Each structure stands twice: as structure tokens, then as C-alpha cells.
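Work through the exercises below with the model open beside you. Try each task before reading its solution.

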Amino acid sequence: MFLRFTSRTNADGSVVRYVALAHNRRVDGRVKVDVLMNLGRTDQVDVAGLRRLAASINRHYGDAHTDPAAESGVVTGAAPLEVIDARTSGSVWLLEQLWQRLDVAAAVRAATDARRFTTNMERVLFALVANRAVAPMSKLSAAEWVREDAAVPSLSTMDDDHAYRAMDLLVDADTQGRVQEAVFFAVANLLNLEVDLLFFDTTSTYFERDTEDDGDDAFRRYGHSKDHRADLPQIVIGLAVTKEGIPVRCWCWPGNSNDQGVLAEVRDDLRDWKLGRVITVVDRGFTSADNLAYLRRAGGHYIAGMRMRDGNPLVEQVLARQGRYQQVRDNLRVKEIRLDATDIRFVICHNPEQAQRDQAQRDEAIARIQAELARIAEQRTRDAQRPRGDKARARNEAAHVRAECALRDHPTLGRWLTQQTNGRLKVNAGKVKTEARLDGKYLIATSDPHISAEDVALGYKNLLEAERGFRDLKTQLLLRPVFHRLEHRIRAHVLICWLALLLTRVAERGSNQTWRNINRQLGRITQVTLAGPAGTVTQTTPLNTEQKAIYQALSIRPPARVTTFNPN
């Protein structure tokens, strides 16, 4: 079936064309054309009606060669539209609004206004931070992400040179922590943060290389790895957070730095911010006498976890004091101890549930040790019946010695053993009794004379927020692997990760949702660009209820439905 066109010439020489619906049929071996319907003159035919008929036929019976965009235009009677671009936009839009609200953009612009660049470096830096929060990847891949996958406001293109230049500018701008200070005070004023308590902790991140850097000022060095990769060079990263989990500052040190040696620098840097009365909360790794004395300089105070198993006589005096516990939470009891020789207050915390777990773990370890020792003793008794010159007896004795050495050197079981004068092992009953006294307990010291014992205990527990920050840096934001070798680029990479953590924490705190869920929901919002004979239009896919709720909780207006329209 097809359209048949015929023509007729009038007396004045004009030509009139006609159209009809026809089909071919074979008669006596010859093809004959049958006209099914005359549609009239071509200049008077309802062309739109014919197109709708063709679209209806295609819709019901299908046609692999039909362009869906053109078909949709035919059905509606409009010009066909074609999708020429589609980019994710929802999460990037949210981060952009927080970036502006927290004055990060203003801080970066203030540091770079004196320099002239063909590309807006503040926009490039934001793109790197947004990429780290939404889809973390290398800087080279991040440039491609901006060009092809994401809708970054006021930034349509970017390459790796732009990324590296922005990183260098960030490090220059953050000299003496100027960018971090500006961001912190903007966040503190916006969120009404309580900064009386600042929690500090350190972690390490390693590099996939065989050797450490050379020279006295080398950055990537071997050291105590908190990732259990002592075979790889590393750097040490410090993080200070509020009790709400908002990161306020980060530091980087060479990989051979130890916790005891960095706390003075941290205290001096935070004191320069003139925060007023600040209590620094630190873990057991920072509680040397020199560090604690340094934290008290210029009227500062600290809450610090104390080591309970290193034989400190002061700790022994605290544990020996009698007193009544005060119930704070269902799983937490506290007892305050004051000693005459010092103005430091000590708080013993006891977790009954943890005490049961400690006892169960110890009983299980002792049972394993006793079973292994009994097996070795039984084997020795049986081997004693063999002749002294029997090779099997000597071979078995060597195996027993190896088993005892492995038991003594075991990372968790060895602590419960002691070696007798004859070389045989036995369970250290004194060690078991001493550890039983410490089940479910931990000791905290504070120099603040006013804070209650309950607030001391709960404040120290909030140190977990710093550990959570490190965990998110390494898992969600993919701090590692670090694709850089120069020190200033490594520092810039850490700063970018810190800024991403800051934005995601603010989003989590305002919406009461995890960043993983926020990013998943808003990542479904797409910015689509359509082109047709009438022009080009860029619009955003409609928001569902969950997406609207996230923007509303953070007091952020959603992205506009139509962002650009360029008529031809």
C-alpha cells in the first residue's frame, strides 16, 4: 500500500497534482494498480492527519526504523525534539548551595582575586569537591566528569591542567589555615555550633609505592600505620571536629610523625583562632605529661583518655579509691575520683554490657589456651613412653616446642601466658585477676574544674565522631588511593576531601539522613537538553516527594525546571 501521485496540465499551462491511496495486485502475471481512495489535490490534503495516521500505525505495529523523537513530534503535531545531552544535577546543586552558604566560595575568591585566569578557579575547585562527594575519582577523571556527566553551575568545561592549578591555589590560599578559618566561622555562625568541645584524633593513609621519599623534609615516610600497612610509606592526617561531627580543621604531617609530637602544633593553630574557652578532647595516644600540660596553656583545658595498663602509679591510685557509681545511661556508669596531690579530676566509666563482653572474650581465650596446653602435655606424656633414641620422639618434641612458641607469640592469646623456669607455659593467673578488675572500664582525666562527670564521660564518647570522619574519608570519599607525589598536591588532595566531608556533614545534620541516601536520591535528578527546529531548551526532571523533602529540610530551593531556552 502506498501513496500514488498523478498530475494534470490545465489549458493555461499550470500543473495540478493529485494524491490517492493505492496498492498493487497481480492479474494474469501483470501488476495492476488499484486506487483505494482519492485524497484530492496535494495542496489541499490534510498532511498532519496523514502523519498522525502513520504514527498511530507505527505505535501499534512497531517500526524499528522510526525515530522516537520524530514520532513524538508527529503525534503531538509539533516539530520533533531530540535529546542532545543529559547530566546528573541534583546532588551537585545541593552542594553548590551549601558551598555558597558556607562562604567557601568567598574565601577562595578572596585568596585568588589578585590573579588573572581564563577559567574561574573557584568553580574548578568546587567541581573537584563536588566530584569527591558525589562520585570520587582521580583529578583527570574528574575533569571528564565535569565535561560529560555532571551539571556544574557556571562551569561547562574543564581539563586536568585546570584541576592541578586549582589545587595549587587552594594550598596557597590556605597558608596558616586561612581558608579553613574563614569556613569554620561561617559554619559556626550559620549552624550555631557549640565549640566549647573540640575533638581531635589522627589517622594515616598509605601510598602504593616501594620506597619512602628521600631527604630531611621528605613527606611520604614509613611510620606507625593505623591501616596496618607498615610496609608502605604514608602520611599522618589530623582532624578536629565538633561534637555534632562537623570537621573544623585538618592537618597533614610526614608519615613518621607520632601522636605525641603533633598536639602542640594543633593547640597553637586552634588558639590563633581565638575561640574563647575550648576543651580539647583527645584519645589515649596523646596523654603524655608534656602534651597535657601544653593543652592547659593560655587557660585551655582538656578531656583525655588515660592508659590503664601501663603501670602508671597515678592510675593505680585512682583505681584503688572506693566510691559509688552514678548511673548516666543504661550502659554507662561514672565515678569521679579526686587525688590530693593534683588538681586533675579523674572519672572512671563503667559499661556493664562491655564488662560482660570482656569477660566472655577472656574466658574464651583462656579456654583455647588450656585446651592447647593440655593437648601438648598429653602428646608429651605419650612420647615419653618411646625410647630416648627414637627419631619420632625427637621430631615430636620439636613440633611441641614450635606449638608453644606460636602460642606464646600469638597476638591475642600470648598476653595471658607466662613462661616457667623449665620453659613450659602456663596461664598467668595474676594477669587474669588484674584484667578482671578492668572489665568494661575506661579512665578519663580532665583539667576543667566546672564540667560535670557526666559531661566528661559523654564528651569523651563523642570522640567517636572524629573516628567516623576518618572512616567516611576513606570509604565514601575515597581519600585513598592518592594519585599525587608532590607534597603540596597531597596537601591539596586532603583539603579537598576535608571540604567534601564538611559539606556532606552539614547536609546530613540538616536533613537527618546519611549522605549515602541523600546522594542516591538526588542523583536521580537529571538535567536534560532538548534540541529541535524551534531551538534548544534545558530542563530538569520532575522531583519526587523524597527529593523535595531533602531540599526543604536544608532550606534550599530546588533546581529550576527550565534553566535555559535558546530559540532559533
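A charge sits over a ring if NZ of Lys or CZ of Arg is within 6 Å of the ring centre and within 35 degrees of the ring normal. The model is predicted: local features need pLDDT of at least 70, side-chain atom pairs count only at pLDDT 80 or more, and totals for chains, interfaces and linings use all residues. Residues are numbered from 1 along each chain as its sequence is written, and side-chain values use heavy atoms, with hydrogens and water left out.

**Exercise 1. Charges over rings**

Find the ring under the charged end of Lys-335, then the ring under that of Arg-415.

Solution. Start with Lys-335. Its charged end sits over the ring of Tyr-325, 4.7 Å from the centre. Next, take Arg-415. Its charged end lies over the ring of Trp-416, at 4.4 Å from the ring centre.

**Exercise 2. Confidence**

Locate the elements with the lowest and the highest mean pLDDT.

Solution. Define the score: pLDDT is the predictor's confidence in each residue, from 0 to 100. Define the elements: helices (H or I, at least four residues) and strands (E, at least two) are DSSP runs, numbered from the N terminus. The chain mean is 85, and 94% of residues reach 70 or more. Helix 2 (residues 68-76) has the lowest element mean, 46. Helix 18 (residues 515-522) has the highest, 95. Over residues 68-78, pLDDT stays under 50. For that stretch the model has 17 contacts (heavy atoms within 4.5 Å) beyond four places in sequence.

**Exercise 3. Aromatic pairs**

Classify the pair formed by Trp-251 and Trp-253.

Solution. Rings of Phe, Tyr and Trp (its six-membered ring) pair if their centres lie within 6.5 Å; planes under 30 degrees apart count as stacked, over 60 as edge-to-face and the rest as tilted. The structure holds five aromatic pairs. In this one, the centres are 6.3 Å apart and the planes are at 5°, so the pair is stacked. Ring pairs also link Phe-200, Trp-251, Trp-253 and Phe-286 into a cluster. Now check burial: buried means under 20% relative accessible area, exposed over 50%, partly exposed in between (1.4 Å probe, protein chains only). Trp-251 and Trp-253 are both buried.

**Exercise 4. Backbone exceptions**

Which residues does the cis peptide bond join, and where is Ser-154 found?

Solution. Recall the background: most residues other than glycine have a negative phi, and most peptide bonds are trans. The cis bond joins Arg-480 and Pro-481, with omega about 5°. Pro-481 is placed in the loop between helix 16 and helix 17. Ser-154 lies in the loop between helix 6 (139-148) and helix 7 (160-173). Its phi is positive, about 65°, although Ser-154 is not a glycine. Ser-154 is exposed, with a relative accessible area of 70%. Ser-555 also has a positive phi, about 55°. Ser-555 sits in the loop between helix 19 and strand 18 (562-567). Its relative accessible area is 60%, and Ser-555 is exposed.
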